[in-house]
Amino acid sequence: MKLQQDFHIHTHCSCDSACAQIDDIVKGCQTAGMKHFGISDHLHTRFNMPDIEIARKEFLEYGPVPGFHFGLEITCATQWECEKIAKRDFASCFTCEVNGKKFQTMTPIDGIMYGGPANGPLLLDLTQEDVDRLGIEYVIGGVHKPNYTEQTIPSMIDDYFNQSCFLVKHELVDILAHPWEGLAFWSGYYIVTRDPADYHPEAFEQIPQEYWDELAHLLISNKKLAELNCCDICSPRFDGKIARFTLEKLAEWREKGVKFSFGSDLHRAAYPIEGETSIRQAEKVLTEYGFTEEDFALPSRLK
Ligand SMILES: [Zn+2]
Ligand SMILES: [Zn+2]
């Protein structure tokens, strides 16, 4: 099978380590044969809105290219943190204790990671007015951190499931980004210990089948896409265990009728056509797991 779309690409405007220039993205996607592709920088909370505004300005300055779109990747945030961000009341969150260890940040660039009420109300810090003003053509929604829950395997599985359901049902979200990605990381306190024993890839096998089934049902009934993320399906980590598990479960979703988008989740400078964790490798593994061009669809606003 040949990939013809890539809706998950970060530019140097993104708040994280991403460093690609728009010209390299456009030329890379065209060389790879993408008919549709789009940039999608992070919006964890409104704190990152200036990044999206700069990305939009660069997108418009580059000028129209057939099949080139403007989107964003939104994080499932919480009402508690969005209120704090709005009031710029976050300095007290920069140093806190996490599982008996000191956790420090400099800014709420990734949202407010700790200190909120466990399992409190979820929120996307984006409005329809923002979408219209910034010409956002599609939104990828992803789980990127706990909802202040205990970081153990059972509670993180429930937390991920709850956040994923919220994202799929949200009217502004078109694509569920990288389902369950990061579960191994957040199912322990690796964030403060950096001890490999606190990283739990076995968490994936403990996700109840009913959670997979319910998410598939929600994706189909809400007409949302699930993302096949290049970094997950080509991951060499744990001897390829995470990649195989993701491909097996998403192939089950396909059999139930779920439709997909593809995302390279580019953070590097060069668009990865060949080699490890590349477009060609993704095409190879997707073919092995029975995916075809017909399994992919466009976000609803692009149809
Ligand atoms: Zn993500
Ligand atoms: Zn991303």
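Just after α2, Gly63 adopts a positive phi of about 95 degrees. The model is predicted: local features need pLDDT of at least 70, side-chain atom pairs count only at pLDDT 80 or more, and totals for chains, interfaces and linings use all residues. Residues are numbered from 1 along each chain as its sequence is written, while chains are lettered from A and ligands numbered from 1 in the order in which they are written.

Helices (H or I, at least four residues) and strands (E, at least two) are DSSP runs, numbered from the N terminus. The expected span of a helix is 1.5 Å times one less than its number of residues.

| Helix | Residues | Length | End-to-end C-alpha distance | Expected span |
|---|---|---|---|---|
| α2 | 49-62 | 14 residues | 20 Å | 20 Å |

A residue is buried if 20 or more other C-beta atoms lie within 10 Å of its own, exposed if 12 or fewer, and partly exposed in between, with C-beta atoms placed from the backbone. In α2, the buried residues are Asp51, Ile52, Ala55 and Phe59. Viewed down the axis of α2, they fall within an arc of 95 degrees, so they line one face of the helix; the arc is that of the directions from the helix axis to the C-beta atoms. Pro50, Lys57, Leu60 and Glu61 are exposed on the face turned away from the buried side of α2.

In α5, Met156, Asp159, Tyr160, Gln163, Ser164, Leu167 and Val168 are buried. Their arc around the axis is only 160 degrees, which puts them on the same side of α5. Pro154 and Lys169 are exposed on the other side of α5.
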